[in-house]
Amino acid sequence: MTTPLSRAELDAALALANAATPGPWRGDRLDGTVKYEVLGADDVQVLRVDHKNGEFGFLSDNSTGDERFVLASRHLVPALVVEVLRWRVTAAHRQIVLCERGLCSCRMGAESEICAEASSILAEEVPNA
Ligand SMILES: [Zn+2]
């Protein structure tokens, strides 16, 4: 099991995202050759690969922020997904404890939606990053 992200690491991840060009981002293979570009919100060019015309790399005015965000994403995205999955399991455990103590709407008859979801989450496997 990996170590949960610290508050400082989460703050740093959010700062990286906030410093990058606003999204959503989309890729375009242009004419299907080796040319490629990534555009941000309002079609701001984030990244371009066009060696034939000497254009490549993070080219916007925000190139440093975009590059840092892309590089960090490789390790941050899996770490954040695992963190979310862990918290879902924690919340599900707590819901089941409440359910077992009769502190949910299940006592009214049919299993409540949130308790059914909690049971479903607890049946899932949480991967490591
Ligand atoms: Zn319940």
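This is a predicted model: local features need pLDDT of at least 70, side-chain atom pairs count only at pLDDT 80 or more; totals for chains, interfaces and linings use all residues.

User: How many helices and strands does the protein have?
Analyst: The protein contains three helices and four strands.

User: And what pattern does the protein follow along the sequence?
Analyst: The pattern reads α-β-β-β-β-α-α.

User: What is the radius of gyration of the protein?
Analyst: The protein has a radius of gyration of 22 Å, whereas a compact globule of 129 residues would be near 14 Å. Along the principal axes, the C-alpha atoms fill a box of roughly 70 × 35 × 25 Å.

User: What share of the residues is buried?
Analyst: Buried residues amount to 11% of the 129 residues.

User: What about contacts between residues 24 or more positions apart?
Analyst: Such pairs account for 40% of the contacts that have a separation of 6 or more.

User: Turning to the strands, in which sense do E1 and E2 pair?
Analyst: Strand E1, residues 26-28, pairs with strand E2, residues 36-39, in the antiparallel sense over three bridges. Within this pairing, Gly-27 has Val-38 of E2 as its bridge partner.

User: Which residue in E3 is the bridge partner of Val-38?
Analyst: That partner is Leu-47. Strand E3 covers residues 45-50 and pairs with E2 over four bridges, in the antiparallel sense.

User: How many residues lie between the strands in the hairpin of E2 and E3?
Analyst: There are five residues between these strands, and Asp-42 in this hairpin takes a positive phi near 60°.

Conventions. Residues are numbered from 1 along each chain as its sequence is written. Helices (H or I, at least four residues) and strands (E, at least two) are DSSP runs, numbered from the N terminus. The radius of gyration is taken over C-alpha atoms; the globule rule is 2.2 Å times the number of residues to the power 0.38. A residue is buried if 20 or more other C-beta atoms lie within 10 Å of its own, exposed if 12 or fewer, and partly exposed in between; C-beta atoms are placed from the backbone. Two residues are in contact if their C-beta atoms, placed from the backbone, lie within 7 Å. Two strands pair if DSSP finds at least two bridges between them.
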